[in-house]
Each structure stands twice: as C-alpha cells, then as structure tokens.
Amino acid sequence: MSNIQSVMHENRVFNPSDEFVAQANVSGMAAYQALCQEAARDYTGFWARLARETLQWKKPFTKILDESRAPFYKWFEDGELNVSYNCLDAHLATEADKTALIFEADDGTVTKINYRDLHARVCQFANGLKSRGIRKGDRVIIYMPMSIEAVIAMQGCARIGAIHSVVFGGFSSKSLYERITDAQACAVITADAQLRGGRVMPLKSAVDEAFSLGCCDTVRSVIVYRRAACDIAWNDNNIWWHDLIANQSSECEPEWVEAEHPLFILYTSGSTGKPKGVQHSSAGYLLGVMLSMQWVFDYKADDVFWCTADVGWITGHSYVTYGPLAMGATQVIFEGIPTYPDAGRFWKMIQQHKVTTFYTAPTAIRSLIKLGGELPKQYDLSSLRLLGSVGEPINPEAWMWYYNTVGGGRCPIVDTWWQTETGCHMIAPLPGAMSIKPGTCTLPLPGIQAAIVNEAGEEVHDQHGGFLVIKRPFPSQIRNIWGDEERYRKSYFPEEMHGAYLAGDSARRDIDGYFWIMGRIDDVLNVSGHRLGTMEIESALAANPLVAEAAVVGRPHEIKGEAVVAFVVLKGPRPDDPEKAREIAETLRNWVGTEIGAIAKPDEIRLGENLPKTRSGKIMRRLLRAIARGEEITQDVSTLENPAILEQLKNAVK
Ligand code: WTA
C-alpha cells in the first residue's frame with residue numbers, strides 16, 4: 001500500500017463485498033486468472049471456445065484467426081450468422097414477454113416494448129428498407145434522436161446486412177454531408193426533429209442542407225420518423241417512417257452474413273482534418289460486446305441496465321443497441337439531458353425504473369456534482385448494484401462522490417477503458433474479481449494483451465509511462481478505415497510497434513500492474529468524453545473567409561475534462577477594439593458549430609497577428625498550450641522566430 005501511495009498518490013483501495021463476489025459471473029481473482037491463463041495457453045482456442053458458446057451461428061466456423069494479411073485480420077471467417085437474430089430472435093422462445101426497452105422521453109413519458117414486439121417492429125422496418133431496394137452491403141446513414149426507433153433502425157440494417165453509419169444528432173449538416181459522401185450511402189434515416197431539455201431541435205432540415213452542399217446522388221431514400229410533428233420541407237425521395245412500414249410483414253428472414261461482414265462504420269476523429277470511418281465486423285464485434293456485458297457489467301437476467309450514451313457514439317452502439325439486446329436484457333434509454341427539468345433527473349429515473357447497472361461519463365458526473373451534489377440523497381437508489389464510467393479518466397473526487405453518494409458505498413465502479421476502434425471494453429475491472437482504486441481502469445479483460453511500450457515498441461517496466469498497445473489481434477477490433485487501408489495501417493499499426501495495435505493513448509502501470517491512462521498521444525482532444533481532432537477544428541476555422549491561419553489546443557477544464565482553445569490569425573488587421581474582437585470570435589465559434597457541430601465550438605478564441613513559429617515555419621504548439629493554460633512560459637523559446645507574439649497572445653481578449 002505504501003508503495004502505491006508513493007507512485008500514484010492514491011492509496012484508497014476498495015474491495016467488492018463478499019456478497020457481490022459470491023454472485024459474480026467471474027468470482028474472485030483466481031477465476032479471472034484462470035481465464036487469462038486459458039488465453040495464454042491457447043490464444044485462438046480460447047476465443048474459439050467463447051465464440052462457439054456465446055454466439056448463435058447459422059453456419060459454424062472452422063477457421064479461427066487468419067493473420068496472413070496482417071493487420072487485416074479475419075476472425076471466424078467461414079462462419080455465418082446474423083447480429084439482429086442474435087439480439088432478438090434468440091430470446092423469443094423463452095423471453096418474448098420480457099421488456100427489452102424502457103424508453104423515457106424528454107418530457108418524462110415512458111414507453112416500454114418487449115422482445116416480441118421489438119422483433120416484430122425490427123422485421124417490419126427491415127422489410128421497409130428492402131422495399132426501397134436496400135440490400136446487403138449497402139450503406140445507410142442514421143441521424144436520429146435517442147428513441148426506440150433509432151435502435152430499430154440500427155437493428156433493421158443489421159437484419160438485412162446493410163451497413164449502418166450513425167451520425168450523432170449534434171453534428172452539423174456539413175459533417176453529415178461528409179459522412180454521406182465518404183460512405184457513399186444509399187439512404188438516410190432521420191427524424192423531423194429531436195426534443196432535448198424542453199427544446200425542439202431540427203434534424204431533417206440538416207439533412208436537406210447536407211444535400212444542398214453537394215452531390216449526394218447515391219442517396220435514393222430519406223426515411224423520416226415523425227417525432228416532433230413540426231413543419232419540414234419535403235422532397236421526392238423522402239418517405240415517412242410510418243408509411244414505409246405500413247403493410248410490411250412483421251416477419252423478416254435475417255440475411256445470413258459471413259462473420260467478417262461489416263456490421264457498421266462509425267466516424268471518429270483522428271489526427272488529420274478528416275474523420276476516420278471505423279469499420280467493424282459482425283461476429284468478432286458481437287462477441288466482444290457480449291463478453292464484456294458478462295465480465296465487466298456482471299450481467300444478470302434480472303438486471304435493469306442503463307447506459308446513458310447516445311447511439312451516435314460507440315458506447316451507444318456497444319452498450320445500448322447491441323450488447324444489452326444480445327444478452328436479452330431490460331434496459332433504459334433516455335431521450336433527454338441529465339439536467340432537465342433539474343439535475344436530479346438521472347437519480348429520479350434510477351429510482352423509478354429500478355436501475356441496477358448505471359453507466360455514464362465522468363463529465364456528466366462532474367456537472368451533476370456541481371449542479372446538485374446532494375440531490376441523489378433525495379431518491380431511493382437502493383436498486384443499484386454496479387456503476388460504470390467511460391470516455392475519459394475519472395478524477396478521484398468525482399469517483400469518490402459517485403461511489404459514496406450515488407452507489408451508497410455498496411456498488412463497485414467499473415472504470416472502462418476502450419475506444420471506437422476496440423469495439424468493447426479492453427481494460428476494466430471484473431467487479432467480482434478485483435479490487436478497485438479511484439482513477440485506474442485496472443487490468444485488461446481476459447485474452448487482451450495490453451502493454452506499455454516506448455517509441456521503439458519495446459515494453460517498458462512497471463511504473464514507467466509509455467504508449468498503450470495491444471499486442472495480439474482480438475475479435476472485436478477495427479477491421480479497416482472505410483475505403484482507406486493505408487490510413488488504417490499507418491494510424492494503428494506503425495512499423496515501430498512491430499505488429500501491435502497502437503491505441504493512441506499514453507499510460508503507466510502501478511505496482512499491482514493496474515493501468516492508469518494518462519491521455520492521448522496524438523492531436524485528439526477529449527471534450528466531455530467526445531473525441532475531437534484539433535486538426536479538424538483548425539481546418540474548419542481556416543475555411544472561414546476571415547481566417548488566414550488557426551491553431552487549436554486543449555486545456556484542462558473542470559467539468560468537460562478538456563476545453564478547446566483556438567488561436568486565430570485574421571486575413572485583415574487584428575481589431576484593436578475588444579468589442580470588435582469578441583464579435584469576430586463569436587462569429588467564428590458559430591462557424592465551427594456549422595462546420596462540425598456545437599460540440600466542437602471553441603471555448604476560447606484568441607486573435608493574434610501571427611502564431612509562435614520556428615524559423616522553419618512550424619507552429620510551436622507547446623507554447624500555445626502553456627498560454628491556453630495561463631502558465632508561465634518556462635520552455636526554451638530560442639528557436640522561436642517571433643518571440644513578441646507570445647505577449648500579444650497572452651493578453652488577447654478571450
Ligand atoms: C479515452 C469511447 C481514460 C481514451 C469509449 C481513448 C478513456 C478515447 C477511458 C476513446 C477511460 C475512454 N479512462 N480514458 N476509462 N475511456 N478514454 O473512441 O483517450 O470515443 O483513446 O471511445 O477516450 O474515445 P472513443
């Protein structure tokens with residue numbers, strides 16, 4: 001313990017209760033180690049056993065892992081299955097009446113749907129998609145609010161083998177346009193509007209705007225779900241959701257697809273201006289999400305599971321649409337926001353729906369502490385048995401509050417490290433097996449060979465920081481960047497890593513071997529748990545006619561984790577009048593909102609006559625970071641071409 005303290009300054013260790021351990025799916029450290037040893041003894045045999053026991057196959061596989069075209073790995077290649085079948089039909093014989101989804105709308109209205117009805121509605125919708133000529137392998141964009149229909153849309157695509165690409169409703173029409181064209185989508189599924197925090201926010205108009213931005217002529221159908229009954233424009237290729245499904249049969253034979261058939265593409269930020277279309281497989285992905293439901297969420301048939309993520313993010317794919325349904329779980333989905341009508345909304349919902357497993361992001365926890373740290377005490381949260389955290393490191397204060405005030409000191413917290421690219425949890429506690437400490441995601445899941453290496457790809461020893469890698473391929477991992485094999489190879493399997501998957505995070509291990517995530521090693525920011533590329537925001541700013549040049553960095557933010565700070569050089573003169581400067585900054589903020597989406601709007605824009613550059617013209621970002629953080633510049637500035645610029649940027653109006 002004293003060692004841990006000296007290394008990590010965090011010496012609090014929490015053990016699961018005997019009661020929790022006794023009922024856990026993986027009970028005790030020895031059981032966890034036995035799984036790890038099984039994987040170490042026979043790596044592919046381990047995954048093959050789990051794939052046979054966990055998934056329902058139409059045609060069993062005989063091949064396990066093909067590494068011949070590494071890093072383009074293939075798992076269970078000659079097997080055939082259907083993901084929607086595994087999520088729905090698989091439960092009909094025994095659990096047809098079980099509630100699948102408890103949907104709570106923004107205004108508090110609750111709608112429940114059981115597995116039988118969900119199956120029927122997915123089939124109807126899948127038949128509707130087929131009636132529009134949508135077939136296996138076609139790409140379908142989903143741009144929808146959190147709703148039962150969003151889940152149906154995703155499952156409907158999976159049922160017919162169409163590849164969905166969900167675009168978060170907070171992204172702008174421009175971002176939508178880029179994704180439609182990159183994926184060459186043949187259909188867009190959207191809603192007239194979304195309701196959040198008592199406000200109606202249009203969605204369909206963003207789709208129309210996306211079309212006006214350029215040629216989206218691959219799109220033959222825009223399917224519109226009526227959510228808000230507001231006025232919208234109407235075009236020839238538009239069809240109402242309710243008209244599409246009218247008269248469609250509630251039976252639809254699933255399209256049996258090969259294990260490697262792409263289930264979905266999900267765009268995420270990387271270190272260039274262009275988002276990456278992360279492509280996932282069918283079988284390997286589903287296996288990963290199902291195993292992590294059992295191992296990390298300790299899933300039990302009578303759980304009421306609630307993951308608060310939007311289906312626009314990977315967390316919503318894996319732990320709303322696919323994982324819980326594949327397990328036959330009852331889960332809550334929520335349309336609104338945690339602070340409406342007040343900051344007690346989550347706690348009220350946990351009480352009302354008797355939630356047992358609650359999974360959210362540190363940014364939400366921090367904002368709820370700030371807006372109503374005492375509010376959880378007003379609700380009966382005794383149904384909870386497990387808490388989870390995802391998206392960014394959770395700071396010890398937030399962890400302790402979550403543990404004591406929300407979990408009543410009774411519920412283990414699973415701090416889950418993973419990424420869009422990994423598909424499911426990679427490093428996270430198995431809550432009945434290991435002790436937990438605030439701020440660490442603990443140990444890798446069985447079979448996941450996580451390690452920390454230096455720049456040459458050599459493993460560094462405990463307590464040293466380095467790059468986080470995963471040494472062996474695993475079933476749920478990314479298969480490709482849509483249409484860009486070269487970028488896939490370069491981003492995740494650079495030569496120095498000798499074939500290991502490079503996660504893009506730095507990390508270190510403590511004396512117990514626990515992993516502590518230190519942050520991104522690339523130009524990716526993590527704002528409120530959302531990934532944003534600094535280059536993406538820079539190119540958005542540079543596209544504005546007022547802007548000559550822009551550089552974007554992150555700075556720590558109390559609630560959001562990181563805030564976006566932009567340094568901008570205008571084409572015209574830098575305004576002397578602070579009011580004028582603020583006005584321009586506001587215009588540029590809104591511009592980023594339209595180019596990317598509101599989540600990417602810089603918190604701060606500083607106008608300068610130039611940016612700090614080396615003599616060779618390279619922007620010195622570390623200096624910009626120091627300025628953004630309000631730190632004294634102690635670094636060497638001798639290579640700086642224009643030192644006076646630092647003072648100007650420091651004093652610039654924000
Ligand atoms: C960060 C979200 C610390 C990390 C599932 C990673 C975390 C990026 C954690 C992926 C965690 C995610 N502790 N950092 N428990 N979980 N991250 O693709 O930097 O949206 O690389 O996937 O979030 O973000 P993504």
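**Close-up views of a predicted model**

**View 1. Composition of the second largest pocket.** The lining of the second largest pocket comprises 7 nonpolar, 6 polar and 8 charged residues (nonpolar: Ala, Val, Leu, Ile, Met, Phe, Trp, Tyr, Cys and Pro; charged: Asp, Glu, Lys and Arg; polar: the others, Gly among them). The model is predicted: local features need pLDDT of at least 70 and side-chain atom pairs pLDDT 80 or more, while totals for chains, interfaces and linings use all residues. Numbering starts from 1 along each chain as its sequence is written, and side-chain values use heavy atoms, without hydrogens and water.

**View 2. Centre and contributors of the second largest pocket.** The volume of this pocket is about 320 Å³. Ser271, Lys490, Ser491, Leu502 and Asp522 are the closest to its centre among the 21 lining residues. Helix H16 (485-492) and strand E24 (501-509) each give at least two lining residues, and H16 has the largest share, 4 residues. A pocket is an open set of points on a 1 Å grid over the protein atoms alone where a 1.4 Å probe fits, with protein on both sides within 12 Å along at least five of seven lines; lining residues have an atom within 4 Å of a point. Helices (H or I, at least four residues) and strands (E, at least two) are DSSP runs, numbered from the N terminus.

**View 3. Packing of H5 and H6.** Helix H5 (residues 83-95) packs against helix H6 (residues 115-131) at about 140°, with the axes 9 Å apart.

Technical notes: Axes are lines fitted to C-alpha atoms, for helices over the stretch in contact, and angles run from 0 to 180 degrees between N-to-C directions. Grid points are joined across faces, edges and corners, and a volume is the space filled by probe spheres set on the points.
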